[in-house]
Amino acid sequence: MWRSPEGQTGKGVGKSSECLYTITGVETLHPEFERLKDEGIKPEQVILYRLLSMFGPVPFELIAHINDEYWGEFLTALSEAVAEEDPSVRFAQWEEKDFPNLNLETKRMILRMTNLDPKKRATIEQIMEDHWWK
């Protein structure tokens, strides 16, 4: 499931769009909470890493929106780590041949909902008005 980066940090919470799993059937963003808890790892940090791996890098606008020194530094460090990864894990690179429910229009709409810049992310009203539903 998708939860915005600002939702994960608890800072500057804005728009919600919770349908990535529903459309693709892929549950990549959901960590094993019990295992992380046992290892003393905060799930929010793992989820943010996964979000940035799939939808990053972090735009400056997100860091400015969150407006928190700790989370700004954390997101910047994660973004730098993600930048060194294989870009084929990015959602924008996923193909319909691998995910049959993910045609170009579906991918376009999901990318509107998961934009890491809160000002550019579509609102639920905009999503519901999208021609994808027709």
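A residue is called buried here when its relative accessible area is under 20%, exposed when that area is over 50%, and partly exposed in between, with a 1.4 Å probe and protein chains only as the basis. The model is a predicted one, in which local features need pLDDT of at least 70 and side-chain atom pairs count only at pLDDT 80 or more, while totals for chains, interfaces and linings use all residues. Residues are numbered from 1 along each chain as its sequence is written, and side-chain values rest on heavy atoms, with hydrogens and water left out.

Taken as a whole, the protein has eight helices and zero strands, where helices (H or I, at least four residues) and strands (E, at least two) are DSSP runs numbered from the N terminus. Of its 134 residues, 42% count as buried. Among contacts (heavy atoms within 4.5 Å) between residues at least 6 apart in sequence, 60% join residues at least 24 apart. The protein exposes about 7900 Å², of which carbon and sulfur atoms supply 54%, the areas coming from the Shrake-Rupley method with a 1.4 Å probe and, for residues, only the protein chains shown counting as cover.

The C-alpha atoms of Ile 110 and Ala 92, 18 residues apart along the chain, are separated by 9.6 Å. Thr 106 also lies in α7, and at 3% relative accessibility Thr 106 counts as buried. The side chain of Thr 106 makes a polar contact with the side chain of Trp 132 at 2.8 Å; such a contact is a pair of N or O atoms within 3.5 Å, and within protein one must be able to donate a hydrogen and the other to accept it, while residues adjacent in sequence count only if both atoms are side-chain atoms.

Helix α8, residues 124-129, holds Ile 124, which at 42% relative accessibility counts as partly exposed. Together with Met 128 and Trp 133, Ile 124 makes a nonpolar surface patch of about 320 Å². Patches are made of residues with over 30% relative accessible area and no salt bridge, with like charges joined within 9 Å and nonpolar side chains (Val, Leu, Ile, Met, Phe, Trp, Tyr) within 5 Å; a salt bridge is a side-chain nitrogen of Lys or Arg within 4 Å of a carboxyl oxygen of Asp or Glu.
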